[in-house]
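Subject: Handover of a structure and its findings

Dear colleague,

Please find below the structure that I am handing over to you.

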Amino acid sequence: VNAMLRKVAVAAASKPHVEIRQNGEHFYIKTSTTVRTTEINFLIGEEFNEETVDGRKCKSLATWEAENKIYCKQTLLSGNGPKTFWSRELKGDELILV
């Protein structure tokens, strides 16, 4: 992946607008930045298709890491690249994205 594209994607992702809806173990997450908007639907514990922040296609698996924290491992479908993941944790009124 182009290094400049990765830098732009990371910069844009630093202050996203995030909408999260939960129905039991089913989640809908919409993330909007100045560069693009992504939407994912998934069930905890079931693999789903996703793209990394810089546009690489991957299979993802989200699991509960703690009562208020989801950890999601991303496995690239093709090519080489760094191992990627994301986590979201709710602490009071604050949502922490890693």
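The notes that follow go from the overall fold to the core, the aromatic rings, the salt bridges and the surface.

This is a predicted model, in which local features need pLDDT of at least 70 and side-chain atom pairs count only at pLDDT 80 or more, while totals for chains, interfaces and linings use all residues. Residues are numbered from 1 along each chain as its sequence is written, and side-chain values use heavy atoms, with hydrogens and water left out.

Overall fold

The chain has one helix and eight strands, where helices (H or I, at least four residues) and strands (E, at least two) are DSSP runs numbered from the N terminus. Along the sequence their pattern is α-β-β-β-β-β-β-β-β. Of the 98 residues, 28% are buried; buried means under 20% relative accessible area, exposed over 50%, and partly exposed in between (1.4 Å probe, protein chains only). Among contacts with a separation of 6 or more, 20% join residues 24 or more positions apart, a contact being heavy atoms within 4.5 Å. The accessible surface of the chain is about 6800 Å², and carbon and sulfur atoms hold 52% of that surface. Such areas come from the Shrake-Rupley method with a 1.4 Å probe, and for residues only the protein chains shown count as cover.

In soluble globular proteins, nonpolar side chains tend to be buried together. Here the largest nonpolar core has 10 residues: Phe27, Ile29, Ile40, Phe42, Ile44, Phe48, Ala62, Ile70, Cys72 and Trp86. At least two residues of this core come from each of strand S2 (26-32), strand S3 (37-43) and strand S6 (69-76). The term covers buried Ala, Val, Leu, Ile, Met, Phe, Trp, Tyr and Cys residues joined through side-chain atoms within 4.5 Å. Leaving aside residues up to four places away in sequence, Ile29 touches several residues, including Ile40, Phe42 and Trp86.

Aromatic rings

There are five aromatic pairs, counted where rings of Phe, Tyr and Trp (its six-membered ring) have centres within 6.5 Å; planes under 30 degrees apart are stacked, over 60 edge-to-face and the rest tilted. One of the pairs is that of Phe27 and Trp64, edge-to-face with 5.8 Å between centres and 65° between planes. This pair links distant parts of the chain, since Phe27 lies in strand S2 and Trp64 in strand S5 (residues 57-66), 37 residues apart. Phe27 counts as buried because its relative accessibility is 5%, whereas Trp64, at 34%, is partly exposed. Ring pairs join Phe27, Phe42, Phe48, Trp64 and Trp86 into a cluster.

Salt bridges

The structure holds four salt bridges, each a side-chain nitrogen of Lys or Arg within 4 Å of a carboxyl oxygen of Asp or Glu. In one of them, Glu51 pairs with Arg36, the closest N and O atoms being 3.2 Å apart. Glu51 is in strand S4 (residues 48-51) and Arg36 in the loop between S2 and S3. Lys57 counts as exposed because its relative accessibility is 53%. Glu65 and Lys69 form a further salt bridge (3.1 Å, N to O).

Surface

Ile20, Leu90 and Leu95 make a nonpolar surface patch of about 240 Å². Patches are made of residues with over 30% relative accessible area and no salt bridge, like charges being joined within 9 Å and nonpolar side chains (Val, Leu, Ile, Met, Phe, Trp, Tyr) within 5 Å. Leu95 lies in strand S8 (residues 94-97) and is partly exposed, at 37% relative accessibility.

Yours sincerely
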